[in-house]
Amino acid sequence: MSKILLITPPFLQFNNPYPAMPYIKGYLTKRGYDADHLDLNIDTARNIYSSKFLERIFDLAHSRKLLEPFPRFYIEKKRYIHTIDSVINFLSGRNQSLAHRIVSRDFLPEGPRFSKVNESEEFSLFDTADRAKYFATLYLEDISDAYRSLIDPGFGIVRYRESLGISASFFSEIEDKLSGKYTEIENEMLDILKIKVEELKPEVVIFTVPFPGNLFLALRCADYIKKNYPEINIIAGGGYVNTELREISSREFFNYVDYLVFDDGEKPIEHLLKYIRGNEPEDKLFNTVFLKDGEICRSPFIESAVTDEIYAPDYSHIDTLKYISMFDTANPMVRLWNDGYWNKLTLAHGCYWAGCSFCDTKIDYICNYRSFSVESIIEKMKRAISETGETGFHFTDEAAPPALLKKLAIAILQEGITCTWWTNVRFEESFTPDLAKLLAMSGCIAVAGGIEAAAPRILKLINKGVSLENISRSCHNFSSAGILVHGYLMYGYPTQNEKETVQALEIVRQLFKNRCIDSAYWHRFSLTCHSAVYDDPEKYEITIDEWKGDFAKNDMQYRNKIKTDHSKFSGPLKRGLESYMAGLEMDLPVEKWFQRNSPKSGVDSDLIESFINTEAAERGNSIFISALPQIFKEKGGGYISFRVFGNEYTIEVKESDYNGVINFYKKYGLYEKSSKERILADLSSAVGMTVKEMKVTELYMFLREFSIMVI
Ligand code: SF4
C-alpha cells in the first residue's frame, strides 16, 4: 500500500518532537495505514549546526565579502568548525565529559552573546553540567545571529519568518516571498526532504503547521513537492491552520496545499485519504477545505470526536538522542520549555472551564472538553516510556483538571511508575495543600497557569472563574509542596487603567515575596476573533477595525474607548518582573518602576499574605492511598520506624500486632474522607499507639513511609 509521509516543518523547539505527527501516526497506523514521520525540524537543525555546513557558510560569506563586518567571527572560523559537532552531541545528552572543557572558557569561541554572562548573579549557582549547557547555548545563539546576518534574515532558533505568518492577511504577501531564491538553510532542509520523498515515494504528504514560525518553511516544502512530484497530494493542518485560516478565501494558496484540515486531524484525514483513493464520496469529508473547479469548497465543520483510542501517540520511531537541549535562563521553571526530553501527552481534550473572555473559546481545541480515562493515560505513559526510554512528561493540556490530576497521581503511585511531569493548570481552590503534595509525590515538578491581569475587577471581567485569593492559595500550595509555579500575566486588557496596572505589579511582587510563584511572563492583551471579547465589543469598551484579507485572520486590530497608553507599561512591568524573579528589590515600593507621576498602587502590603494564612488555606484533602507493608517477623516482636514530614518515629510492635497491621492494609487500598475516623482508629489499634487526627496527606506519608521502613 502507498505510504503517507507526515512532516514536522522547521523551526520549533529542539528538545523534543512536536507531538502532532506522533499522534496522527499513532492513529493512522492503528487504522492500517503505512505512515512515516519526518521530523524535518530537528533534522534541519542538526544539519545547519554542523562543521560541514559551517565550513560552507564561512567560505561562501568570505567569497561574497559578507564577513567584513564580522572580523571576530571570521578569525574564530577554525574554532567554530572544530567545536560545533561535539557541542551538538553534548547538548543531545552524549559526550557529557565535554562539560569540563566548555566551562574552562578556553574551548568555545565567545561572541557577543557571552557579554551577558557576567551580569547574571544566579549563574554562579549553576553546577558544571548546567554552566556548560548555558555556555553552549550562548555559542549556538552566536552562530544563529551570524546566520541571520550573513545568509538568511528570516532565520531564528525555534522560529522562521515568524512575523510574516502573524501579519499576512493576504496570501500574496507570503507568495511574494516564496517566489524568492532559496536560502542556504532552505536548501539544506530541501535536501533532506528530497532524500525522504525519493526513498518513500509517498502518495500523500501531511504537514503540521502549529505556529506562525513554521508556516513559511511548510509552504517552501509544499512548493518544492508540487514542482518536483506533482502527483503527490498535500494536506496541512495544525494550530496555525485552526486559529488563522478558518476564513481562507485565497485560491492561490491551494497551488501549494491541496487540502486544509481543521481541528483534530485524525478523523478528517482518515476520510480524506479514503476520498483521495476513490474509496469514499466527497460528501463524507468534514472539517476540510479544498479547491474544486477553481472554487473553494468547505465540507461541513463538526465537533472533533474525542476518544481514548484516537489520542494515542506513537513515539516508537523517535531517536531521542537527536534532540538538542538548550537553556539561557537561570530560572528553573522557564528552562523546562527548551531543556530536557519530555514525552508529550494530553490528559484531556479542550479546557474544562472554557470561559475566559480573551481565549479562543469558540474553537474546538478549547470548547470541546472531554477527559481521557486514567487507565488509558497510564497505558499511554507506559507505552511512551518503553518507546523513548524517557520518563519525563509534559502534559500539554490547556488547563489540566484537578480531579483528573488527583486520580492520575494516585494511579501513578499505585502502579509504581517513576516519572517526572509538568503541566498547565487553572489556579483554583481545589488545588489544596494535600492535593499539591500528592501531585508532587507522583512526580509533578512544575505547573503554569493564568494569573492574567492580577486585579480583582479585571479577573471578573475576564470571567476567569478564580479570585485573587484562590490564585494566591493555589500557587502557595503548589510552591509549599516543592512544585515550581509559573504565572502567565497579562496587561493592557480592555478597560484596564493605569492604577490597575501599577496594582498588578504590586500583586506580582507580593506573590514572589510570599513564595507563591517562581517565574512569570507578561503578555500584552491581543484580541482574537475567536474570543468572547470579539463578540461583545460594547461590554469591553472597544471598537474593532474591519478585517480585510483572504488569508490569516486571528489577531484583530481594535481601539480602546478609554484612552490608556499601555505600551508605556511594557518596560516597567518587564523590569520589575525580572528583578523579582531574581529575588531582587522585593521590598522597594512598586511605584519605583513606573514614571514619577504614575498613580500609587494603594494595595495593602500584606494582601497576599492574608490570603495564604487563613483557615481555608489550611484545609485538608480527602484522599490517601496505602500499600501493603513488607513485614519481617522476628521472634517475640520487632520495631516499626516511620517518618511523618521529616520526624522519625520508632514503635515497638508485639508479634500479635503484625497481623493487625497486615489486616489493616489488606482492608483498605484507597480511602475517602468518610472513612477517615475509622482509619485512624484501625491504625491506632494496629500499631499499638494512639494516632491523632492528622491531615490525610500526613496519613498518606505516614503509611507510605511505614510500609517501606518496617524492620
Ligand atoms: S485561558 Fe485557560 S482556563 Fe481560560 S478558557 Fe482558556 S484554556 Fe481555559
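1. A residue counts as buried when its relative accessible area is under 20%. Keep that cut-off in mind for helix H15 below. Note also that this is a predicted model.

2. Start with helix H15, residues 374-388. This helix has 15 residues. From its first C-alpha to its last, H15 reaches 21 Å, close to the 21 Å expected at 1.5 Å a residue. After H15 comes Gly389, and the phi of Gly389 is positive, near 75°.

3. Which residues of H15 are buried? They are Val374, Ser376, Ile377, Ile378, Lys380, Met381, Ala384, Glu387 and Thr388. The cover over these buried residues includes strand E10 (343-345), strand E13 (392-395) and helix H16 (402-415). An α-helix has 3.6 residues a turn, so residues three or four places apart point the same way.

4. E10 and E13 also belong to a sheet. This open sheet has 6 strands, in the order E10-E13-E14-E15-E16-E17, and its pairing is parallel. Its edge strands are E10 and strand E17 (519-524), and each of them pairs on one side only. From one strand to the next, the twist averages 20°.

5. Look at one pair inside that sheet. E13 and strand E14 (residues 420-424) run parallel and are joined by 4 bridges. Gly392 stands opposite Thr420 of E14. Helix H20 (residues 498-513) packs on the sheet. H20 touches strand E15 (444-452), strand E16 (484-491) and E17. The direction of H20 makes about 165° with that of E17.

6. Now turn to the other open sheet. Here 7 strands follow the order E2-E1-E5-E6-E7-E8-E9, and the pairing is mixed. As a reminder, strands of a sheet pair through backbone hydrogen bonds, either parallel or antiparallel.

7. Why is one side of E2 and of E9 left without a neighbour in the sheet? Strand E2 (34-39) and strand E9 (295-298) stand at the edges with a single partner strand each, so one side of each has no neighbour in the sheet. Neighbouring strands of this sheet are turned by 20° against each other on average, direction ignored.

8. Is E2 largely enclosed or left open by the rest of the structure? Of its 6 residues, 5 are buried, so E2 is largely enclosed by the rest of the structure. E2 pairs with E1 in the parallel sense, over 6 bridges. Leu5 stands opposite Asp36 in E2.

9. E1 (residues 3-8) is also joined to strand E5 (residues 204-208). The two run parallel, with 4 bridges between them. Ile4 has Val204 as its bridge partner in E5.

10. Helices lie on this sheet too. Helix H11 (residues 215-228) lies across E5 and strand E6 (233-237). H11 runs at about 170° to E5. Helix H13 (residues 266-276) packs on the sheet and touches E1, E5, E6, strand E7 (259-261) and strand E8 (288-292). The direction of H13 makes about 155° with that of E7.

11. Last, a helix pair. Helix H3 (residues 51-63) and helix H7 (residues 128-150) pack at an angle of about 40°, and their axes are 12 Å apart. That angle makes H3 oblique to H7. The crossing of H3 past H7 is left-handed. Which residues meet where H3 packs on H7? From H3 come Phe53, Leu54, Ile57 and Ala61. They meet Ile143, Tyr147 and Leu150 in H7.

How values were computed: Residues are numbered from 1 along each chain as its sequence is written. This is a predicted model: local features need pLDDT of at least 70, side-chain atom pairs count only at pLDDT 80 or more; totals for chains, interfaces and linings use all residues. Side-chain values use heavy atoms; hydrogens and water are left out. Two strands pair if DSSP finds at least two bridges between them. Axes are lines fitted to C-alpha atoms, for helices over the stretch in contact, and angles run from 0 to 180 degrees between N-to-C directions. Contact means heavy atoms within 4.5 Å. The expected span of a helix is 1.5 Å times one less than its number of residues. Buried means under 20% relative accessible area, exposed over 50%, partly exposed in between (1.4 Å probe, protein chains only). Angles under 35 degrees count as roughly parallel, over 145 as roughly antiparallel, 65 to 115 as roughly perpendicular and the rest as oblique. A crossing is left-handed if the near helix is turned anticlockwise from the far one by less than a right angle, and right-handed if clockwise.
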